[in-house]
Amino acid sequence: MVKLLKKELFLSAAPITYVFLEAAFLTLVPGYPILMSGFFLTLGLFYSFQVMRENNDILYSALLPIAKSDIVKGKYLFCVVLEGIVWVLMVLLTLLRMTFLADSMAYKSNALMAANPFFLACALMLFAGFNGIFLHGFFKTGYKYGKPFFGYLAYMLVLVGIAEAAHHIPGLSALNAFGFEAIGLQLITLLVGLILYIIITVCSYRASVRKFDRIDL
Amino acid sequence: MSIVTVSNLCKSYPGFSLWDISFSLEKGVITGFIGRNGAGKTTTIKSMLNLVHPDSGEITYFGLPMGGNEAAVKARIGYSTGTVNFYPKKKLGELLKVTSSFYPNWDEGVCKQYLSLFALDTEKTVSALSDGMKVKVNLLLALSHHAEVLILDEPTSALDPFSRDELLDIFLHLKETGVSILFSTHIISDIEKCADQLLYIQNGSLLANESLQAFMQNTAQSGETLEETLLRLERSARNG
């Protein structure tokens, strides 16, 4: 598994993908739709898939002494690890906004989403959508990435739109709590997000292995 | 002793079917695989490497089915599908470093020996290599981990006559050490030079699976060379 991940990180990935890890710091920008920071990472991952296809990586991987299913595993590992790095950065920056910066007027007067556990749950749902729609769609053919990415974009726009505006709906203002207000509800949404991320990613991985095994390279 | 067996392999595409292909590869035997373009050589080889999903049939290596043992089997075999056509902008050295990490029995000494023999520069990018050199890179990858079986799809087709001659000598040397080799080719003299066994495929069906000597005795007409025999068989198939 380590060899697969190393191969993905050091040979297959597009260098620009790593630049997009910095997008996590958009979490700190006041008045910005901060959920887009997660989208920028997935855009970086998409670039890597473009480069992988350009380099005929799937055929190269298939010729290595690994099972065909390991090719899928390598790509999922790569995405999950980078998603994990960005999400941990988002967690740290969210904690910063919830504690030291909790009284900042720049954040309090923000009409958009606040950085809180609900935001982190939404970021996980964004990544789950990438894994469930883009990765699964890609492994149906092993080379077509346009249609799966288009599907993911549509999902992302709906998710970001709803998440950024949800707290304006009467009764849902607690989703946009500052600091540690409504922390119980916030943590429940985070837990649900985490569980859904795991379920969707695992199901997507299993389905991708099955589909990829059936295709001819 | 059979170390690779292909049994009743079938694969259908629109307009083409590979039909009931069965053969085995013996230890220390070189098998030449011949047939015209589109006859089914590459589909057979890709099926053997699990790159293509056969409709039916079974492929075993060292007594183990490929399905379920893919990683273990691939670590003991070497294979190439034509020229290296991946990671064109990566340096050969980088590609070797990553590839070697996957093989438990990768031999750096053997790798260096073939790098020198094939005059390959690890500082060059893959795209800077000629087609012939790209074939050699594939062979280098296949030969550097003490493969017990080599499965090579047209390894000589992009090589100059001198490199081809060197490569066929390497095949003969590997055969002496017990390595089993299957190679497809359009160059009949390559088969004449080093093959012990002949697989001849026509329109997806295996027409011959026997020793080169037996094929000539059973199929060649008086005074015919191997090339003349194969051309006659192809002509008669074309004319119905």
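A salt bridge is defined here as a side-chain nitrogen of Lys or Arg within 4 Å of a carboxyl oxygen of Asp or Glu. By this rule, 1 salt bridge is found across the interface of chain B and chain A in the predicted model. The side chains of B:Lys11 and A:Asp216 form a salt bridge, with an N to O distance of 2.7 Å.

At the interface, 24 residues of chain B contact 23 residues of chain A (contact: heavy atoms within 4.5 Å). The two chains bury about 2,400 Å² between them, 60% of it on carbon and sulfur atoms (buried area: accessible area, 1.4 Å probe, lost by two parts on being put together, summed over both). On the side of chain B, the most area is lost to chain A by B:Leu51, B:Tyr87 and B:Phe102, together 33% of what that side buries.

Within chain B, helix 8 (residues 212–219) packs against helix 9 (residues 226–238) at an angle of about 60 degrees, the axes being 11 Å apart (helices: DSSP runs of H or I, at least four residues, numbered from the N terminus; axes: lines fitted to C-alpha atoms over the stretch in contact, with angles from 0 to 180 degrees between N-to-C directions). Helix 8 of chain B is therefore oblique to helix 9 of chain B (under 35 degrees is roughly parallel, over 145 roughly antiparallel, 65 to 115 roughly perpendicular, the rest oblique).

Residues are numbered from 1 along each chain as its sequence is written, and chains are lettered from A in the order in which they are written. In this predicted model, local features need pLDDT of at least 70 and side-chain atom pairs pLDDT 80 or more, whereas totals for chains, interfaces and linings use all residues; side-chain values use heavy atoms, without hydrogens and water.

Notes:
Helices (H or I, at least four residues) and strands (E, at least two) are DSSP runs, numbered from the N terminus.
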